[in-house]
Structures are given as structure tokens and as C-alpha cells.
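Okay, thanks for making time for this one. Have a look at the sequence and the model on the screen, and then I'll talk you through what I found.

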Amino acid sequence: MSRKIRLQNIDGLLNVLVTIATNQCSLSENDVNLLNDAIAKLNRLRTKKGLTDKHFKSEVSDIVDLIIKFLI
């Protein structure tokens with residue numbers, strides 16, 4: 001996957017998570033922490049260069065785990 005496509009995907013997910021975090025006032029503290037952790041990891045992932053597909057998938061799986069915990 002090209003870096004440009006990766007950045008577009010990361011930006012799209014970041015926008016969704018930031019929107020949820022800012023527009024939902026009924027979120028518990030745990031939910032807010034999970035969203036903030038996912039947003040922070042996405043921001044760090046966005047700045048990393050030279051990632052292999054295997055390393056990128058590993059980072060994304062950690063972020064997906066946080067989002068699943070938020071949804072459950």
C-alpha cells in the first residue's frame with residue numbers, strides 16, 4: 001500500500017474518531033480514554049516513515065483493538 005493511501009486512510013479514521021470524541025457528551029471516562037489513546041496512536045502512526053506492511057498492520061491492529069473496546 002502506498003504512503004499516500006495510508007495517510008488518507010489514517011486521516012479519515014482520525015476525523016471520525018475526533019468527531020465522536022468531541023460531539024458525544026454522554027461518553028464515560030473510560031470511553032474517552034480509549035478514543036484518545038486511539039487518536040494518539042494514529043497521530044504517531046501518521047508521522048512514522050519507512051514502515052513495512054507487517055509493522056503497519058501490527059500498529060493498525062492495536063488501534064482496532066482500542067476501537068473495538070470502545071464499541072463494546
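So, how many salt bridges does the structure hold? Three. One caveat before we go through them: this is a predicted model, so please hear every distance as a computed one.

Let's start with Arg 6 and Asp 53. They form a salt bridge, and the closest N and O atoms are 2.4 Å apart. Arg 6 sits in helix α1, residues 3-23, and Asp 53 sits in helix α3, residues 53-71, so this pair ties together parts that are 47 residues apart in sequence. Is Arg 6 buried or exposed? Buried: its relative accessibility is 10%, and the cut-off for buried is under 20%. Asp 53, on the other hand, has a relative accessible area of 40%, which makes it partly exposed. You'll also find this pair if you go looking for polar contacts, as the side chains of Arg 6 and Asp 53 make one at 2.4 Å.

Next up, Arg 46 and Asp 11. Their side chains meet in a salt bridge at 2.5 Å, N to O. And what does that pair connect? Arg 46 is in helix α2, residues 29-47, while Asp 11 is in helix α1, so parts 35 residues apart in sequence are tied together. Arg 46 is partly exposed, at 32% relative accessibility, and Asp 11 is partly exposed too, at 25%.

Then there's Glu 59 with Lys 48, where the closest N and O atoms of the salt bridge are 3.5 Å apart. Here Glu 59 belongs to helix α3 and Lys 48 to the loop between α2 and α3, so the parts being tied together are 11 residues apart in sequence. Lys 48 is partly exposed, with a relative accessible area of 32%.

Now let me stay with α1 for a minute.

Which residues of α1 are buried? Arg 6, Leu 7, Ile 10, Leu 14 and Leu 17. Around the axis they cover an arc of only 100°, which means they are on the same side of α1. If you want the reasoning behind that, an α-helix has 3.6 residues a turn, so residues three or four places apart point the same way. As for what that side faces, the buried residues of α1 pack against α2 and α3.

Last topic, the nonpolar core. The largest one has 15 residues, and those that touch the most other members are Ile 10, Leu 17, Ala 38, Leu 42, Leu 45 and Ile 63. Where does this core come from? The elements giving two or more residues to it are α1, α2 and α3, and α2 has the largest share, with six residues.

Take Leu 45 as an example. If you leave aside neighbours within four places in sequence, Leu 45 is in contact with Ile 10, Leu 51, Phe 56, Glu 59, Val 60 and Ile 63. Notice Glu 59 in there: that's the residue in the salt bridge with Lys 48.

Okay, that's my bit. Over to you.

Technical notes. Residues are numbered from 1 along each chain as its sequence is written. This is a predicted model: local features need pLDDT of at least 70, side-chain atom pairs count only at pLDDT 80 or more; totals for chains, interfaces and linings use all residues. Side-chain values use heavy atoms; hydrogens and water are left out. A salt bridge is a side-chain nitrogen of Lys or Arg within 4 Å of a carboxyl oxygen of Asp or Glu. Helices (H or I, at least four residues) and strands (E, at least two) are DSSP runs, numbered from the N terminus. Buried means under 20% relative accessible area, exposed over 50%, partly exposed in between (1.4 Å probe, protein chains only). The arc is that of the directions from the helix axis to the C-beta atoms. Contact means heavy atoms within 4.5 Å. A polar contact is a pair of N or O atoms within 3.5 Å; within protein, one must be able to donate a hydrogen and the other to accept it, and residues adjacent in sequence count only if both atoms are side-chain atoms. A nonpolar core is a set of buried Ala, Val, Leu, Ile, Met, Phe, Trp, Tyr and Cys residues joined through side-chain atoms within 4.5 Å.
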